[in-house]
Amino acid sequence: VPSGGLFSLVTMPHYFFEVVAWLGVALAAQQLNALLVAGGMASYLSGRAVASTRWYKQRFGKAYPASRKHMVPFVF
């Protein structure tokens, strides 16, 4: 089970930072298309994070921390 850094709070912290990066691109571009891409990536990566959390729970059982969120610390 991954640990250390934000891995103690969420399953996929790198997905969270990728969404933050896409939001930064959307803010810099100031275009609707860039915002839609950021939203699409957030949706896709959220689904992958949920699937990864399920996989970890199935694979490691009680060794996987029950309080760990999917992607966004303390929220999701």
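Okay, quick definition before anything else: when I talk about a helix axis, I mean a line fitted to the C-alpha atoms over the stretch in contact, and angles run from 0 to 180 degrees between N-to-C directions. Helices here are DSSP runs, H or I, of at least four residues, strands are E runs of at least two, and both are numbered from the N terminus.

A bit of housekeeping. This is a predicted model, so local features need pLDDT of at least 70 and side-chain atom pairs count only at pLDDT 80 or more, while totals for chains, interfaces and linings use all residues. Residues are numbered from 1 along each chain as its sequence is written, and side-chain values use heavy atoms, with hydrogens and water left out.

The protein has 2 helices and 0 strands. Its C-alpha atoms fill a box of roughly 45 × 20 × 15 Å along the principal axes. Of the 76 residues, 26% are buried, where buried means under 20% relative accessible area, exposed means over 50%, and partly exposed is in between, with a 1.4 Å probe and protein chains only.

Now, how do the two helices sit? Two packed helices are described by the angle between their axes and the distance between the axes. Here helix 1, residues 13-29, and helix 2, residues 32-60, pack at about 175° with their axes 8 Å apart. That makes helix 1 and helix 2 roughly antiparallel, the label for angles over 145 degrees; under 35 is roughly parallel, 65 to 115 roughly perpendicular, and the rest oblique.

Who's touching whom? With contact meaning heavy atoms within 4.5 Å, the helix 1 side includes Tyr15, Trp22 and Leu23, and these residues are part of a set that meets a helix 2 set including Leu35, Met41 and Arg48. By class, that contact has 14 nonpolar, no polar and 2 charged residues. For the record, Ala, Val, Leu, Ile, Met, Phe, Trp, Tyr, Cys and Pro count as nonpolar, Asp, Glu, Lys and Arg as charged, and the others, Gly among them, as polar.

Over in helix 2, have a look at Ser52. Ser52 counts as buried, at 13% relative accessibility. Leaving aside neighbours within four places in sequence, Ser52 is in contact with Thr11 and Met12. Leu36 is in helix 2 as well, but Leu36 counts as exposed at 54%. From Leu36 to Phe60, 24 residues along the chain, the C-alpha atoms are 36 Å apart.

Most residues other than glycine have a negative phi. Gln30, though, has a positive phi, near 50°. Where is Gln30? In the loop between helix 1 and helix 2, and at 67% relative accessibility Gln30 counts as exposed. Then there's Phe74, with a positive phi of about 65° although it is not a glycine. Phe74 is in the segment after helix 2, and is exposed, with a relative accessible area of 69%.
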